[in-house]
Each structure stands twice: as C-alpha cells, then as structure tokens.
Amino acid sequence: MRVSVIRKDIKFTPDSKRVVARYFMNGEERTKQMVSRIMMLNEKQVLETLEQTLREFARRHRNISAIFFRHCEKIKPIIEAMQIDYEAMTLDRKMLIGSYCTMEYAIESAAIFNPSIIEDFDQSGLEAGEKRVIISFRATGEGHISSIVFRRGILDKDNNLQVMKIGHNIDKAEIEHKTLFNKERFLLKLSEMHTQDRYIAQIMQDLPNEFEFAVLKSMVNTALSDPSIRQERRTALEEILWLADSFYDLQFKHDSDLTERVIFPISESESRGIEDARFVRFEDDDGSSRVMATYTAYNGHAILPKLISTEDFYTFRVMPLHGAGAQNKNLALFPRKIKGKYAMLSRIDGVNNYIMYSDRVTQWNVPILLQEPRYPWEFTQIGNCGSPLWTPDGWLVITHGVGTMRRYCIGASLLDLEDPSIEIGRLSEPLLSPLEDEREGYVPNVVYSCGAIIHNNSLILPYAVSDYSSTYAVVNMDELIDALKKSK
C-alpha cells in the first residue's frame, strides 16, 4: 500500500553571507614574525590600522573588538616567550594582534542539510492549529567542516511553514570545559575508542582516581615533547587529550537571536566537524522537559558519539556517550523513558538498526538487534532518520535505507509501545525517494532527515536534498499508520 507524500514548496539553501569570526593561528614561527612586525609600529600606526579593520568588519560581527582581544590572549604565551611585556602593551595593540589571529569562516557556504525539527518551548500567542517550531541543520563550509545552526518557524493549520527572519550577526558561545574526571570511567571510554593501552598506561597509572584536566594535560604535553616519540604513541596521547577536551558547557548571550547562534566545533574531537544532530524534546517522568540531541564528533581519523542538552537554547551541556552501544553513527534517543529506562536507537555495525536501554542517558551497553535490511532499496544499510515519535498505535520510526548506486531513501517502521524491540510493521517501499530535481548536489541521489514531528494529524518531515539544501514534506498520519499495520 503506497502512502502519498506532499512536498512543500520551501527550500533552505546555503548562504555564504553567514560568517563567523574564527581563531586563526598560522604556526608559531610565522606568528612570532607577525607579532614582531606589529611591535615595530608606533601607537598612531597601530590605531590607524585597527580602525581601518574595524570599519571593514565591525558591522559583520557582534562586538568584534572583544573577539580580537580573546584571540590575542590565545597567543599570550608566544608573545611572552619573545620577551615582550604583555601587560604593558596597549589594548589597541593587543586587538590589532588579535585581528591577525582571526579569520572569517562562512559556516554554510557549501551546504545546509540533514535537518531535524522539534516543538519550541514557547507556544503562546498562536492561532488554533498553529505550532511554533525550531529546525536544526548541519551547516557545512570550506573544508567540509560542519556545525549546527537553527531556524525558527510557525506551522499553520494547513501545515504550511512560515520561517522567521534570520538574524544578521552570528554568535559563538562562551565555553567552559570540565576540569575534574573519574579515572575509571575515563579509562573505559579510552578502551571503547580502541586507544592503544600500552602507550598510555604509565600516564594513567600515575593519575589519582579523581584527576584534574590541567594535571593530565601537563603530563601528556611533557610526553609529547620527547623528540624521539613514535607516531603510534603520539596518536594515543593525543586521543587522551581530545577525549578530556570533549566535556564542556556552551553559553550564548541573551541578546542573540536563535538564528544567530551556531554550535561550532570546539574540542579537538570535533576539529573536522559536528555531524547530523538528532534533536528531540524529551519529557521526563516528573513532567519536566528538555531538548537533547545525539551527534557525531569527527576529528579527521576517528568519530566520537556525543550528547548535547539544553533547557533554553542559551546554555548547552556537551558530553561524550559511553558504552559498547555508543559506537559508530546514527544514535537517536526516544522522547521519553520506557519502563523507567532511557531508550536509544543505534547502528553500531554500520548496517543494521539496534535498540538499547539504560539507567543513564550517557551510558549505553547491550545493543539488541532490531532491524536488518529486508527490501532492495535498503540492502546496503538501514538506519534511523531521527528520534522515534509516539503515536497511540506504536512508536513511529522514520528510517533511511541505502540501495543501488548508494541511493538514500526514507522509509518508516512502527514499533510496539511497551516493547519497542518488537516491530509491528515496516513499509516495503520508500516513503520518500529522490525526485529527478532532487538528485543533484554535494552527494547525489540522497534524501535524508534527522528528525520529524507530528502536527495536525500529519507527519512533518524535514529532509535534506542530496546533502546540499533542505525542504520538508507532509504525510497524513492515518494513511501512514494504516499502511504500516497492513505491512507486517
């Protein structure tokens, strides 16, 4: 039984005008040469050069002078190593140095794709049948570095989306890293990352059961400074640091609009991007709610599944996921506990769908095989397209399948409410396949989503078009559920 899909006439496309001021370090020796040249300028020359820079860039960024100062602070050790009295330098000179340590990065110049959608916390002042929503996207710029960006919108009674105006200045968050770690849990995560134990054993042995990040960093940097260090040991030691650097809080300014906030790669584990955040509005047993998302951190040679949570979209807590089930990509959290436990979908082997349960939202073990590829359009792999959606008839899971020519299609399954390891039904044909005008893009022949919602008895399904742009589709829930029940 086929299910009709209404594709809406709206398109989110990359915008190269959306830039963020990013720290730029051009190597220690070249930085020293740059600082030496600036130190030769008199104060009048410093002011003239700084003012010219501010004239050209101040309107493009929020408080760019503070950004310049922060970036100068990052190279303070290099400046002081040059026997320069950092504290005696004028603020203008520090800001000028910082401007040379800054570059603009167009966060979505290449693509804006893999969207997810959730209900906004604020649903006040709406007409009947309307819903205020937040849409997240994976934005990609130069070098294929990915970040998370947001849009706000209102769905009307006919499921048409009115997108709110986008803010002008992109705001990066203030960062506060975790400083104290439990050695046992830290070693367990290193084991899950397959970090070579023989290269890190001595350092970890010398640490107390509760250790500070500064102590660990000092010990690792001392070991890395050995000129005779082997590459295998260097890689293992670097993995220790980027794991410790993966715990942090983000704080955005309250005078920034949601569309101006970008979650940009912060830690070394994310240096090559933040991929495919699956946001979900999680309802806890006490009636409270928060927004959480799983995403994949990538540093160019390894991936690390992580969790991000917020209650207001101003403050975000970021931490790695642990356990035998916290592997690979494609993790998606259920929107509520099941029989007192958190539940998660995953694809730990890259091919099949699994389900896991846990008492802790960051600890995942004992993955249970849930779905294997069954139909030709999903023979390569099957995975989720976001968190399951509660319906009276079962958990609705939007899936993706990969078939011939690595074509990605979107499907749907229905799982039992009390025991979601039981599949009630699965569509034998894709719910959504790339149309002819959707086949071209950064990655051809792909439709993909990271999360949907139900509104006005309709499935609201945002999806990416060939890893370049995004749009959304609407599906009647009665028709979809009926097809799923008859598909078993």
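Student: Which residues do ring pairs link into a cluster here?

Tutor: Phe121, Phe150, Phe252, Phe279, Phe313 and Phe316. Keep in mind that this is a predicted model, where local features need pLDDT of at least 70, side-chain atom pairs count only at pLDDT 80 or more, and totals for chains, interfaces and linings use all residues. Residues are numbered from 1 along each chain as its sequence is written, and side-chain values use heavy atoms, with hydrogens and water left out.

Student: What makes two rings pair?

Tutor: Rings of Phe, Tyr and Trp (its six-membered ring) pair if their centres lie within 6.5 Å; planes under 30 degrees apart are stacked, over 60 edge-to-face, and the rest tilted. That rule gives 15 aromatic pairs. Take Phe150 and Phe313: their centres are 5.5 Å apart and their planes at 85 degrees, so they pair edge-to-face. The two are 163 residues apart, with Phe150 in strand E6 (residues 146-155) and Phe313 in the loop between strands E14 (303-310) and E15 (315-320). Strands here are DSSP runs of at least two residues (E), numbered from the N terminus.

Student: Are Phe150 and Phe313 buried or exposed?

Tutor: Buried means under 20% relative accessible area, exposed over 50%, and partly exposed in between (1.4 Å probe, protein chains only). Phe150 comes out at 1% and Phe313 at 3%, so both count as buried.

Student: Where does a charge sit over a ring?

Tutor: The test is NZ of Lys or CZ of Arg within 6 Å of the ring centre and within 35 degrees of the ring normal. Lys337 does this over Tyr342, 4.7 Å from the ring centre. Lys178 lies over the face of Phe247, also at 4.7 Å.

Definitions and conventions
Helix = DSSP H or I, 4+ residues; strand = E, 2+ residues; numbered from the N terminus.
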